[in-house]
Amino acid sequence: MKPEKEADAFGGPRRTPWNAPRGLDAVLQGWRSDRQLSSSFVLDEVTPARAGSFAPIPEEVAPQVREALQKRGIEQLFSHQAEAYRLARAGQSLVIATPTASGKSLCYNLPLLDRFAREPQARALYLFPTKALSRDQEESLRALMREAGLSHGAITFDGDTPADARRAARERSGVLLTNPDMLHTGILPHHASWARLFSNLRYVVIDELHTYRGVFGSHLANVLRRLQRVARFHGADPVFVAASATIGNPQAHAKRMLGREVALVSESGAPSGERRVMVFNPPVVNAELGIRASYLKTAVRLTADLVRAGVSTLLFGQSRNNIEVMLKYLRDRFVEEKLDPALIQGYRGGYLPGTRRATEAALRAGEVRCVVATNALELGIDIGSLDAVVCAGYPGSVAALMQRFGRAGRRGAGSLALLVTSSAPLDQYLAADPRFLVGAPVEHARIDPDNVEILVQHLKCASFELPFEEGEPFGDVPPESTAEALGFLAQHEVVHPTVGESGRRVFHWSTDAYPANHVSLRSVGWDNVVIIERGTDRTLAEMDFRSAHTMLHEQAIYQHEGEQYQVEKFDYENHKAFVRKVAPDYFTDAMTYVRVHVIQEDQGAPMGPDLQAGMGEVSVIEKVVGYKKIKFHTHENVGYGDVALPEMQMHTTSLWLTVPESVVRSMRAPRPAVIDALRGVATALRTVACVGLMIDPRDVGKTLGSRDDAEGPPRKDGGVGFDPTLFLYDNVPGGVGLAARLYDQRDELLLRARRLLESCACEDGCPACIGPAAGATPGSAPVEPYPRKRLGLELLSALGVAGMQ
């Protein structure tokens, strides 16, 4: 009998640098030969390489631009690049929706440079969702312009741009690269200062269009209505070129965003290398509760195998905390094996810009072998060639997963795309049917620019920029609707109507406030929280205000670049957190409590004799009530602490399903067990809603509460308790129409939830279906005689939701 290999702290066999395999094929062979590992791969498919489709550089391209391309070794274009050039040159707005790394940048840069060569005074505006992306594109665009002998210049205009560079941007820059927030507050309200840009504006480029969805996308659509209005005032009618990763409705999304007809370029001519797509479902470690091995530690182990073998790897995590935990584990491994831990770097929002730029440059130069990142690296920042992408957990949508997978093999070589599934219901749903990932339809991006709350805010901003004349539309909003909204603003003395020369009313901005400053495109507080290290007064990072509640409360362990800092003081009013470096053996995880109050019911209908459905406006109140201390490596809970922070409130829309108290009492189980089973049904409903509506789980919140005020007067029938209500709500302020879609599909959702429970192989409930019973822990007594799953099915039957035939 062979002696067992010595195991490391992560559950994998210990390897030394001198006996490690080299290259991707060697790692894959090692995984296949390990019986324990190979049995957990639920998908192993190869997407074959695809040959490119090419077209000659069009004859009409300016000679100096053609020369610049040839200097870079570009003798011909991909077919989609040639088509995009033809459309843009003809003055047709378009959207390019081809896979990651298919050369989308040249699709918009080529017509722009050609126009510059023919029209020296022409100007262009580039919009990017993040500062990092605009800086990255600025460098490559400048280089291309220099090679083409064009003196137009390109400059990024954002919050980090110094005053003298801002002056140069206004007066001389040919291409202005910025983000939606800066266009909204820093450019449009001051359009008179930007007259040279707007009067000569020929192209507007909107990159990463797929990221503009929900509330942010709805705001941007209104900012673009304002942009087109200002450009017309200055005598320009620019061509819009949008670029998007693969989404299900690129043309419809672009048309809704721009309020005009757009052509679609979706057939990619770029070649792609062979890609091996694998899904690893960690083994079950507790059969009773359906608990699987830690997906974070599993992802670390598999990534370590790749990095040790010299395979350049990108490891994606779902949250800042996950990133930092995995970064620490990987570096700990490398220190143990006498390898340089600096070969592994972290990358996420919150790191200071200089830190992120240095990591990007080191990746391009091959000085870093592995980057552990959040979706901050999901977008098209140029980080050179990578051999493997590992996703720790499903990112919530097929579109996001494919965008991440597309970061590997970016230069046409073979690559590995590996998903390690967590115990979350949606992950397990996909692990049970992994081929769904290969052939699944890609999710749609949805916006609602006519949302009254958002529209009125931007009408205020637009009337500040230029007076409105009666009968004038606002983008694709008809004149009658625009006039009605302006009348509402006039009633509130925000705009003042006068009679113009034409005899029509003209609405002028009439208050002293500056409206754009009070409208946040992302519907959360503008102010970030600054994180300061005590002792050195060094600014470590920054964090959005909402996340700070869960990650920067006092006594929290804040993780940064694989090191730990304890929060000693959270200055809530001044948005500062003071931290001190520590070396604990645990990290912290905040616990939040959510309750929902119905503000207004817009629609309601009975579903059978007992169940009542409703949809309307709700108030969601979230409060961080405490935190858990989680031990590194073992992930056991080693303590709790209290948190005293104000609650956060959000107005949104929700679907609710109210179960009468009489049904709860009629079940043959104690009331707490029935309520717990209802909580499990809510989990199943959310899972099937995300799959059926093709939406990201983070877009839908769920909770169990009371349809009425739970703290109100006692029940009229003299009984205890309340009518339990399941809420599935839009997880963004104001909502983007998800609740209405959920309401329309309420019958189908309940049937699918029942089917999910019936088809799951577990006995009493597991994370893949209804979730284990509340309070159940590994090694605890069975929850008989009230197993959560059986009780959930009985509840659905009592409510008239029929089972499988």
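Residues are numbered from 1 along each chain as its sequence is written, and side-chain values use heavy atoms, with hydrogens and water left out. Because the model is predicted, local features need pLDDT of at least 70 and side-chain atom pairs count only at pLDDT 80 or more, while totals for chains, interfaces and linings use all residues.

The secondary structure of the protein chain comprises 25 helices and 32 strands. Both are DSSP runs numbered from the N terminus: helices (H or I) have at least four residues, strands (E) at least two. Of the 805 residues in the protein chain, 54% are buried. Buried denotes under 20% relative accessible area, exposed over 50%, and partly exposed the range in between (1.4 Å probe, protein chains only). The protein chain exposes about 33,800 Å², of which carbon and sulfur atoms supply 50%. Areas were computed by the Shrake-Rupley method with a 1.4 Å probe; for residues, only the protein chains shown count as cover.

Two packed helices are described by the angle between their axes and the distance between the axes. Helix H10 (residues 214-233) and helix H11 (residues 250-258) have axes that come within 7 Å and cross at roughly 55 degrees. H10 is therefore oblique to H11. Axes are lines fitted to C-alpha atoms, for helices over the stretch in contact, and angles run from 0 to 180 degrees between N-to-C directions. Angles under 35 degrees count as roughly parallel, over 145 as roughly antiparallel, 65 to 115 as roughly perpendicular, and the rest as oblique. H10 contributes Gly217, Leu220, Ala221, Leu224 and Gln228 to the contact; H11 contributes Arg256, Met257 and Leu258. These residues divide into 5 nonpolar, 2 polar and 1 charged. In this scheme Ala, Val, Leu, Ile, Met, Phe, Trp, Tyr, Cys and Pro are nonpolar, Asp, Glu, Lys and Arg are charged, and the others, Gly among them, are polar.

Side chains of opposite charge can pair when their charged atoms come close. The whole structure holds 34 salt bridges, each a side-chain nitrogen of Lys or Arg within 4 Å of a carboxyl oxygen of Asp or Glu. One of them joins glutamate 45 and arginine 435, at 2.8 Å from N to O. This pair links distant parts of the chain: glutamate 45 is in strand E1 (residues 41-47), arginine 435 in helix H17 (residues 435-439), 390 residues apart. Glutamate 45 is partly exposed, at 24% relative accessible area.

Arginine 89 pairs with aspartate 114, with the closest N and O atoms 3.1 Å apart. Arginine 89 is partly exposed, at 34%. Aspartate 114 is buried, at 1%.

A further salt bridge connects arginine 580 and glutamate 568, the closest N and O atoms being 2.9 Å apart. Arginine 580 sits in strand E26 (residues 576-582) and glutamate 568 in strand E25 (residues 563-571), 12 residues apart. Arginine 580 is partly exposed at 35% relative accessibility, and glutamate 568 is partly exposed at 30%. Salt bridges with shared partners also join Arg225, Arg256, Asp448, Asp450 and Asp476 into one network.

Individual residues were then examined. Threonine 178, in strand E7 (residues 175-178), is buried at 1% relative accessible area. Beyond neighbours within four places in sequence, threonine 178 contacts Leu125, Tyr126, Leu127, Phe128, Phe157, Leu183 and Ile187. Threonine 683, in helix H22 (residues 671-692), is also buried, at 15%. With residues up to four places away in sequence excluded, threonine 683 touches Pro425, Lys702, Cys769 and Ile770.

Glycine 535 occupies the loop between strand E22 (528-533) and strand E23 (538-544). Glycine 535 is exposed, at 76% relative accessibility. Its C-alpha lies 9.2 Å from that of valine 579, 44 residues away in sequence. Valine 625 belongs to strand E28 (residues 611-631) and is partly exposed at 38%. Valine 625 and tyrosine 593 are 32 residues apart in sequence, with 6.6 Å between C-alpha atoms. Outside four places in sequence, valine 625 contacts Met591, Tyr593, Asp642 and Val643.

Technical notes: Contact = heavy atoms within 4.5 Å.
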